[in-house]
Amino acid sequence: MMKKIAASTIAQKVRDLCIEANCILSSDVLQALERAEKEEESQIGREIISQLIDNARIAREEMLPLCQDTGVAVFFVEMGTGVFIEGDLIEAINEGVRKGYTEGYLRKSIVSDPLNRVNTGDNTPAIVHVDIVPGDELKIFFLPKGGGSENMSGIKMLTPAAGKEGVIDFVVQKVKEAGSNPCPPIVVGVGIGGTFEKAAILAKKALLRPLGMRNPRPDLASLEEEILTRINNLGIGPQGFGGRITALAVNILTHPCHITALPVAVNIECHAHRHKEIVL
């Protein structure tokens with residue numbers, strides 16, 4: 001028997017997601033910042049992280065946005081084969097974004113055309129990625145993506161000969177070039193393999209993994225730690241003022257790829273790493 005979910009229900013849940021994710025920092029990110037405050041060697045770095053933690057508290061208590069840039073509304077949806085949507089899924093998500101960004105007094109940052117810079121006025125359309133999976137659940141992952149960090153992302157088509165070292169060098173170089181622009185301490189999503197566009201999606205999807213949770217593959221978990229160490233040895237530090245903690249985490253996702261290719265993508269998140277999910 002199919003599980004029926006009304007489009008209106010999805011719209012309401014997405015509306016709440018938009019407001020809550022932008023105002024309440026997830027516990028995994030808050031705990032990562034608290035660990036970073038203890039580990040940071042620079043006094044000014046510790047003071048900055050302390051202010052970021054205090055900012056998160058004020059935002060939570062007052063239900064105010066953690067950051068003025070409330071971002072592009074990015075969604076990853078996992079739709080079970082046993083789910084039937086009564087209505088249009090994408091339109092329901094967009095309606096939820098309209099309501100959330102308007103009723104939550106969140107900044108609208110979307111222009112109707114990249115070369116015709118007219119604001120749409122309601123932060124739509126959202127960016128929606130849908131995967132069909134087994135089961136009778138509808139999972140919606142929300143990632144409001146700020147422009148400052150998104151603009152520091154990149155992709156490179158390496159050759160297989162570049163190997164692991166080539167991957168590490170590219171990721172670390174992107175963070176070095178970004179400097180203070182993405183408001184560190186950052187979270188770094190890395191996508192390896194697939195094709196040009198698949199690597200980019202993997203890098204962004206990797207950001208959804210809770211901070212502190214390593215890749216289940218031991219070799220990739222070790223690679224995440226190695227890249228994180230290299231990044232934190234750059235000395236950029238919190239907000240670019242120098243120090244040990246430039247990044248809170250490096251999350252990697254991979255996919256099989258062509259014998260001639262080694263695509264690598266980097267998607268950077270700022271310290272206000274906002275992510276939230278619901279299951280219907």
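Me: Two strands pair when DSSP finds at least two bridges between them. How many bridges join strand β2 to strand β7?

Reply: This is a predicted model. In it, 8 bridges join β2 (residues 72-80) to β7 (residues 138-145). The two strands run antiparallel.

Me: Which residue of β7 is the bridge partner of Val74?

Reply: Leu143 is the bridge partner of Val74 in β7.

Me: In what order do the strands of this open sheet stand?

Reply: Read the strands from one side to the other. The order is β6-β2-β7-β12, which makes 4 strands. The pairing is mixed.

Me: Which strands stand at the edges?

Reply: Look for strands with a single partner. Here they are β6 (127-133) and β12 (276-279).

Me: Which strands does α1 lie across?

Reply: Helix α1 lies across β2, β7 and β12. It runs at about 40° to β7. Helix α7 packs on the sheet too, touching β2, β6 and β7. The direction of α7 makes about 95° with that of β2.

Me: How many residues has helix α1, and what span is expected for it?

Reply: Helix α1 (residues 7-23) has 17 residues. From its first C-alpha to its last it reaches 25 Å, close to the 24 Å expected at 1.5 Å a residue. The buried residues of α1 include Ala7, Ile10, Ala11, Val14 and Arg15. Asn22 and Cys23 are also among them.

Me: Is Lys204 buried or exposed?

Reply: Start with the cut-off: buried means under 20% relative accessible area. Lys204 stands at 12%, so it counts as buried. It is found in helix α7 (residues 196-206).

Me: Which residues does Lys204 touch, not counting those up to four places away in sequence?

Reply: Lys204 touches Val74, Phe76, Leu143, Lys145, Glu150 and Asn267. Two names return here: Val74 and Leu143 are the bridge partners from the sheet.

Me: How many residues has the largest nonpolar core?

Reply: The largest nonpolar core has 26 residues. Those with the most contacts inside it are Val171, Val188, Ile227 and Ile231. At least two residues each come from α6 (163-178), β9 (186-193), α8 (218-232), β10 (247-255) and β11 (262-269). Helix α6 gives the largest share, 7 residues.

Me: What does Val171 touch, apart from residues up to four places away in sequence?

Reply: Val171 touches Val188, Val190, Ile227, Ile231, Val264 and Val266. There is also a second, separate core of 25 residues. It includes Ala7, Ile10, Val77 and Val97.

Me: What is the general idea for phi and peptide bonds?

Reply: Most residues other than glycine have a negative phi, and most peptide bonds are trans. Now for the cases here. The bond from Thr124 to Pro125 is cis, with omega near 5°. Pro125 has its place in the loop between β5 (116-119) and β6. The bond from Pro184 to Pro185 is cis as well, with omega near 15°. Pro185 is in the loop between α6 and β9.

Me: What is the phi of Cys183?

Reply: Phi of Cys183 is near 60°, a positive value in a residue other than glycine. Cys183 lies in the loop between α6 and β9, where Pro185 also has its place. Cys183 counts as partly exposed, at 30% relative accessibility.

Me: Where is Tyr105?

Reply: Tyr105 is in the loop between α4 (89-103) and β4 (111-113). Its phi is about 55°, positive although it is not a glycine. Exposed means over 50% relative accessible area. Tyr105 has 73%, so it is exposed.

Me: Where is Pro65 found?

Reply: Pro65 is found in the loop between α3 (43-62) and β2. It counts as partly exposed, at 30% relative accessibility. Leaving aside neighbours within four places in sequence, its contacts are Asn22, Cys23, Ala59, Thr70 and Leu106. Asn22 and Cys23 are among the buried residues of α1.

Me: How many helices and strands does the protein have?

Reply: The protein has 8 helices and 12 strands. Its radius of gyration is 19 Å, close to the 19 Å that the globule rule gives for 280 residues, so it is as compact as a globular protein of that length. Of the 280 residues, 50% count as buried. Among contacts between residues at least 6 apart in sequence, 81% join residues at least 24 apart.

Technical notes:
Residues are numbered from 1 along each chain as its sequence is written. This is a predicted model: local features need pLDDT of at least 70, side-chain atom pairs count only at pLDDT 80 or more; totals for chains, interfaces and linings use all residues. Side-chain values use heavy atoms; hydrogens and water are left out. Buried means under 20% relative accessible area, exposed over 50%, partly exposed in between (1.4 Å probe, protein chains only). Contact means heavy atoms within 4.5 Å. The expected span of a helix is 1.5 Å times one less than its number of residues. A nonpolar core is a set of buried Ala, Val, Leu, Ile, Met, Phe, Trp, Tyr and Cys residues joined through side-chain atoms within 4.5 Å. Axes are lines fitted to C-alpha atoms, for helices over the stretch in contact, and angles run from 0 to 180 degrees between N-to-C directions. The radius of gyration is taken over C-alpha atoms; the globule rule is 2.2 Å times the number of residues to the power 0.38.
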